[in-house]
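Colleague: I would like to learn how to read a few features of a model. Please take them one at a time.

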Amino acid sequence: MMAVGGRESNFGAMKPSSSRAPMRTVLSVLTVISVLTVRLAAQAADTSAFASLTWRSIGPQRGGRSVAAAGSASRPLEYYMGTSGGGVFKTNDGGANWEPVSDKYFGGTIGAIAVSESNPDVVYVGGGEFAIRGNVSHGDGVYKSTDAGKTWTYVGLVETRQISKIRIHPRNPDIAYVAALGTVWGPSSARGIYRTIDGGKSWTRILFRNDSTGAVDLVMDPTNPDVLYAGFWQAGRKPWMLVSGGAGSGLFKSVDAGKTWKEITRNPGLPPGLIGNVGITVSAANPRRVWAIIEADSGGVFRSEDGGDSWTRLNGERKLRQRAWYYTRIFADPRDENTVYVDNVQLWKSTDGGRTFPRPINTPHGDHHDLWIAPNDPKRMASADDGGVAISTDGGANWTGLGFPTAQFYHVTTTNHFPYRVCGAQQDNSTVCTPSRPVFGADLQDFYEVGGGESGYIAVRPDNPDIVFAGSYGGLLTRKDTRTGLQRDVNPWPLNPMGHDAKDAKYRFQWTFPIVISPHDPGTLYVGSNVVFKSTDEGSSWTAISPDLTRNDPATLGASGGPLTKDQTSVEYYGTVFTLAESPLAKGTIWTGSDDGLVQITRDGGAAWTNVTPKDLPEWARISLIEASPWDAGTAYVAANRFQMNDFAPYIYRTTDFGKSWTRIIHGIAASEFVRVVRADPVRKGLLFAGTERGVWVSFDDGANWQRLQRNLPPVPVHDLAIKEGDLVAATHGRAFWILDDLSVLRQFAPDQLGQDIHLFKPRDTYRIVPGFFFGGGSIGWDGASVQYWLKQPNQKVTVEFLDAKGTVIRSFSSEQDSVARVDSLKGAARRAARDSLGRAATDSLGKLGVLSGAVRLDPPADPPRLEGFQYRPPLRAPNKQGINRFNWNLRGTDAVGFTGMITWAGGTAGPVIPPGSYAVRVTAAGKSETQPFNVLRDPRTSTSQADLDAQYAFLVQVRDRTTEANNAVRT
């Protein structure tokens, strides 16, 4: 037997690239808040000060792409899902509920998961994915858990980038194999098959083909772990094309646990000529029976009855091998040697050994990439597709749902509804708009479709947020009235790109072409093709207002696939306007950026255009997004990336003179963390936010310095950002939408604040939202007034008081208020009745508790009297951590007094909600007080007058006080 690719290298537990270190820094930020030494002027503020900032996931609860699924033979309710962008999820109840388990350790796209048969607590995970889409995200090696996903350890192979399979020895979990496809975007020597015999402490490459061909599949004989089969794929991408197939592709076999390998690509019966993607499987019922699905001119499903020595082509149907680069996976039933499954757009099943696949299995979603079948129960399976992972326990007749927030969004926009809504286009699903928070009458799951398709921009009329323009690939553009549901196509140009080269189209539209409403006229709409189109009648007619604004290089406009399978869907259409923005300050000043690296500007509405591309921007950069400054018409920011050219460096540029000169502003951003978006805050000049392949960054000095703003946001690709009503909204590609609520601290932050004992940030105005009531309870999810304050020292007494316009305290909270709330006094007849009925001893005891005296008792007595009717209630506490603290007040005045055993049905003891008006908050700590004003605004959904709201509050205060008197009487 001949050893192939004899060059071996012990990569060991390679240290992660620089992109890993910031992730671990974020973890320490989440757990430790230290006294900060803040660097002034030339250096950036340390965002670990911002402990009060928390990202909030708003969904929607529907899944995105997954190419990795795994389960346990011995634990039938336990499964793992590898998401594309969002890390690893796990279910412990058979798929009813899923939770992320990797967020504190790693994230990004997952290409492979393997659970040990002999010890299901041992799990290996490989980053990256073999389904090499044009926006595929890389991984950073292999992680291992020895406690069923509770904790993870990094075990190396960072340079492999895209891992397609992991296999574990059935009796020894320290022996594992990794199939590494390698980076998508260029040559790499880190491809091939790797083996560890010490649980990942070190790795040895045991099979290498060449720097353009990687391992795309790896299977182990279920009856003999020394027998391995590997599929190799010569594949790669450039921004304008996909390469699938070449001399390096093929099949290999080892019978000595990978020590030596024999190539079987040209064994009798296998296709001649070029080979592309390869999938392999072995029957556990008859291990001499091996199947392969092969991309080739005469490809299809092949079967061997002699362990790969000879083959027969059984099925060449296109339904099993369409878009071969995206699928090409085959799986054998563990009990029945005649049953085999093939992944493609649909999940296909054969019961005659692979000759026919008469009908697909009905699954919750399409585009299938992985299938795990329990080795001891073939009816139990987990299918990974573009909607996530679904579980079946009856052989595919029924499946669990795909309700988890792992959607991949391309862009984000917001509406002027109340509360505002967050909208985007979800990969392999529909467009969606969802409420930004669950205010009564608008639940987070009340999301709805707004036209367009899976890949496009969305633009919403600011003057009528029910009118939505949404795009998709193929130049599709729709106008939809979400109030009536009426929708029509308003495409700027008729286009059907399927099967055509980019050069065949007069106007080229990218997969996610820009759609922008003018900030000066809500009736003016711009669309980016290779030119800029303009409409002033909601898309009924269009005018091209520019020449071709791209390089228009014929070398990049040809076939987008080959040499075997083309993928002409426009996702690789190149030479297009990828982003455009009109200055909010100067009408007619429009910036464009192309996906082939050009920045252009017009200052006269399109009559004349100037190429203002930054001179030091390398060629073929994708101009991902241009942000026109809200502060100065000549200022703009460019986010560019070259990851598709195998360059992962961040590129952000700033101009202040309409593009005549540019400054690259990336200091502080991880060197291998490329950028897709930059946004400028409209309230604080110089405050910028950037979205990268692993998270969000912030700059306080107009981009001179950056630091992470990750907080609890998972390490996930952030494709777009939006700033709305003081919130930062993120469109992630793998974890749906997230919101960083209330940017007040970032907008007001100054370095000298951290040297003070106490600093109170001015709260933003809030809305008076009254909870809706329904029998059975419920919550509206509204924060009320959000107060944030800095404490230099922890664990000190803090008092937070809310004052009305006259300066009267209407509600007070303390950090020491941990057991007993304020108890209103019993007066007059109630006091005398208590003395007469209970006797002096009992009356004195009540007095000590503050019930009769009216005292404010902040701590419970060490040995409280056992008096029926006295109730200990834990109120809200004012936080007193070192750093910046956040306290949310629900806008309610003091509660009515209750008592133990009191039962309410359509009522309660909560205090009345204050009316709209001017208020203030006072925070006291370290012997110092600071006060800041804020306004409570009227709910914009109601027409109730201010006078009525004031009268209502006065009445409810009387009701509360009488309720307190009645309850105190009962207690007495």
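Modeller: Helices (H or I, at least four residues) and strands (E, at least two) are DSSP runs, numbered from the N terminus. Residues are numbered from 1 along each chain as its sequence is written. This is a predicted model, in which local features need pLDDT of at least 70, side-chain atom pairs count only at pLDDT 80 or more, and totals for chains, interfaces and linings use all residues, while side-chain values use heavy atoms, without hydrogens and water.

Colleague: Where is phenylalanine 955 placed?

Modeller: Phenylalanine 955 belongs to helix H4 (residues 946-971).

Colleague: Is phenylalanine 955 buried or exposed?

Modeller: Buried means under 20% relative accessible area, exposed over 50%, and partly exposed in between (1.4 Å probe, protein chains only). Phenylalanine 955 is exposed because its relative accessibility is 52%.

Colleague: And is glycine 561 buried or exposed?

Modeller: Glycine 561 has a relative accessible area of 9%, so it is buried. Glycine 561 sits in the loop between strand E40 (543-544) and E41. Its C-alpha atom is 7.2 Å from that of serine 244, although the two residues are 317 apart along the chain.

Colleague: What is the volume of the second largest pocket?

Modeller: On a 1 Å grid over the protein atoms alone, a pocket is an open set of points where a 1.4 Å probe fits, with protein on both sides within 12 Å along at least five of seven lines; lining residues have an atom within 4 Å of a point. A volume is the space filled by probe spheres set on the points, which are joined across faces, edges and corners. For the second largest pocket this is about 1200 Å³. Of its 39 lining residues, those closest to the centre are Thr413, Ile517, Pro519, Glu627 and Arg679. E53 gives the most to this lining, with five residues.
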